[in-house]
Amino acid sequence: MSLLQIEGLTHFFGGLKAVSDFNLELANGEVVGLIGPNGAGKTTVFNLITGVYKPSRGRIRFDGHDLVGLQSCQIISMGIARTFQTIRLFRDLTVLDNVRLGHFAQARYGIRDALMRSAKFRDEEKRIKDKALELLEAFNLTRYAYVPAKALPYGEQRRLEIARALSSNPKLLLLDEPAAGMNPREIDELLERIAWLKDEFHLTIFLIEHQMRVVMGICERIAVLDFGETIAVGAPLEIQTDPRVLEAYLGKEVS
Amino acid sequence: MIILLLQQMLNGLQLGSVYALIALGYTMVYGILRLINFAHGDIFMISCYFGFFAACAFLSKGLPTWLAFIATMMVSMLLTALVAVLIERVAYKPLRYAPKVSAVITALGIGLFLENFTLATLGPTPRGMPALLPNVNYRLGPLSMSSVQILIIIISIVLMFLLDRVVQKTMTGMAMRAVSYDKTTASVMGVPVDKIISITFAIGSAVAGAGGVLYSLAYPIINPYMGVRIGWWAFIAAVIGGIGNVRGAMLGAYILAFVEVFTPMVLPSSTYRDFVAFTVLLIVLVVRPTGLMGRVTAQKV
Amino acid sequence: MGPKSRITLVLVLLGFALCIFIERSGLLSAYILQISMYVGINIILTLSLNLVNGYMGEFSVGHAGFMAIGAYVSSIITVRVFHNQMGPLVFPLAVIVAGIVAAATSFVVAFPSFRTRGDYLAIVTLAFNMIVKSVLENIDALGGPRGFMGMSRLTNLANVYAWCLITIYVVRNFVYSNFGRAVLSIREDEVASNLVSVNTRQMKIMVFLIASFFAGVAGGLFAHVMQFINPRSFAIQKSTDILVMVYLGGIGSIFGSVLGATVYTVLLELLRPLGVWRWVVGPIMLVVLMICRPTGIMGLKELSGLIPREEQVLKEKEGADVVTASD
């Protein structure tokens, strides 16, 4: 059964067509890659899915719900989480608070409970804190729990971003260039981590990546964008040999 | 009715010209520093005093009025520019990389300081600006206009035109626009950022200084608090036009001046003018959050 | 109830007793009593504005507008509706209604805040302040520009104290909750906040509601100390005063607001002998403070006694391997 269905997704910036007639289905438990040269419209696709932009045309269905027109926070609470191309942590908040924020939509207490410090409030806060600490433990970040996020080394910040994304209990995880700025050893670690994430949290993963090694390593299917157009969709091996993909990446003279 | 309308339009044109000269200072500083210079209204007030003292001095020396007028304009523009650059160097420059609110609070503080320093040293008694321009009333059919009114409109428009040329065509203007887009890149490209910022303050305040002299010739009562209301109105004008945009400030100023002169014709009393002006402002901001001519910046995710 | 909360309760009650004793005994001069009440009212104003400007990171410059609404609403209730009868009974109710009405008007600011941020939202709040003042000036039934009078002096030290404590309690409980963290995340990065499931619109409405409620309450208390109000008392200058207290004490700090309001109010009184020059010296001190210490007295720090126990970092409890901010 497909978890995410994107049909005819099109988006204009002013007169510029950033994404044109993008179609894709993600089945439950799949790992799918989205690749393409710089400026091909990959991040725009993520922004459209998560409601940062409203698509000019097209439909996005997730888990039986129509996403177009919803606010980002509603989309996230339905079970989609994402990371960012450039790290966007809450830099002055502690690592623990960054992860606790992902639980925002799940906290089952209202403003009155918070202001009166009711028993419900205390139980829920404890539950959220425990869950957050559990996540930090899983990501090997426990010792930084009370440090502002900005004080973390780069690699840890990247890990924290994924941990924060997972805290909202997603079914679908969107990773925007998770390997950016990593060396080969770190990339190996990342690949292992993504495989582990998928099983541990029963995730469907949709990821944007530049580095072929990452994409070829873990993706079951790949979609290729160039200037907003989908030029190929298929298994990694097919993609690698597709002449149109080679052309987009390497220029015309190769083909 | 038509005549009253035309007459009020003329008054609106005169008032709008003065507002525009002051609004330019807000908008130029905002354009370059992203700082709402809340002290600007009081800088305008200071310029009126400069104009007053200069005019008195020149007239007592027996200068012919037209010469005294030109000299007064020069002196007021120059001294106002000096004061503004001094304020920028002493108070704003140390805060250029501090959180923005500190700079805004500082601007508010400087404004209060200027008001109260003037009050403490010169006293609360209003001063009457001596007449520097020949005040002849021309009648065009049933319409009456004074020579002062015409001169104010002409001088303001000439000044605005010159300023627009400076910003659009000269090297300095280009450097200003460069700094306004991106300070770091501009400085890497060899633009002397500090100097350009000072020049912006100087020009913006010199124009306000000219506005001060013209305003006090039209409405010759000068007191330490006059900058508050006029400053706010010029500020709203700048925002309605799209703060940071020079032409927008001029547009906003005229719109607002018309609001001010036409409010008493529609509503029972002129005390509604603040209400109308700020409601216009609110509506503009809700409909076009960056003003009528402001550029809309897309959010990068 | 833990030992700490028991101590807090005892202190609170002692405070009340002290307030009533001071007022009854005439130990302090009427002047000092008045200043103390101003300090309290300013604490309420500062803390509520800190919620918007400090915690949420918006720049509201129209807080006095909400205060004006509270002042007029409460005065109408005590003077026009109840004709100054049953004062002590009606007054708390009047103050609460004042807060609610002020909060209801905050939507004028909250809705634009969905689309607008930073300087432009600041201008929206400014416009709000100016519009409130202008409307009040044009309602003849409320005295127009001459103002509104006839209130009895219903505000006393004890109820200022009570409202101060309520404000501190509410702000603290709000800040140290899911909602508070969400508000902080809006300050850091609004888009990202939305993308980790925070309903930023709801949070903004909530913050403006709470902040304007307490501004309204402060207005009610203020009107019944002064016994006379006019639109000019709630002009932009008043908003600026509150802003200064927030940034003097330090944004994002409850204790900072208490300190900022107290220091500013007392300092202005101490400078009174300077006459006109008071307003020359004051702004200079402000500018110097902003240049030397832009984060205010507390500089984002909080008095540890105000942080709920479960939010404090307990090194011993979490084990030795915890890295803390001071490392």
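Residues are numbered from 1 along each chain as its sequence is written, and chains are lettered from A. In this predicted model, side-chain atom pairs count only at pLDDT 80 or more, while interface totals use all residues.

Q: How many residues of chain C are in contact with chain A?
A: Contact means heavy atoms within 4.5 Å. Here, 37 residues of chain C are in contact with 39 residues of chain A.

Q: What area do chain C and chain A bury between them?
A: Buried area is the accessible area (1.4 Å probe) that two parts lose on being put together, summed over both. For chain C and chain A that comes to about 3500 Å², with 61% of it on carbon and sulfur atoms. N178(C), R181(C) and L195(C) supply 21% of the area that chain C buries against chain A.

Q: How many salt bridges does the rule find across this interface of chain C and chain A?
A: A salt bridge is a side-chain nitrogen of Lys or Arg within 4 Å of a carboxyl oxygen of Asp or Glu. The rule finds two between chain C and chain A. One joins D189(C) and R88(A), at 2.7 Å from N to O.

Q: And what is the count of salt bridges between chain B and chain C?
A: There is one salt bridge there: K100(B) pairs with D119(C), their closest N and O atoms being 3.0 Å apart.

Q: What is the area buried between chain B and chain C?
A: The area is about 3600 Å², and carbon and sulfur atoms give 79% of it. In chain B, I105(B), F278(B) and L282(B) lose the most area to chain C, together 16% of what that side buries.

Terms used: Predicted model: local features only at pLDDT ≥ 70, side-chain atom pairs only at ≥ 80, totals over all residues. Heavy atoms only, no water.
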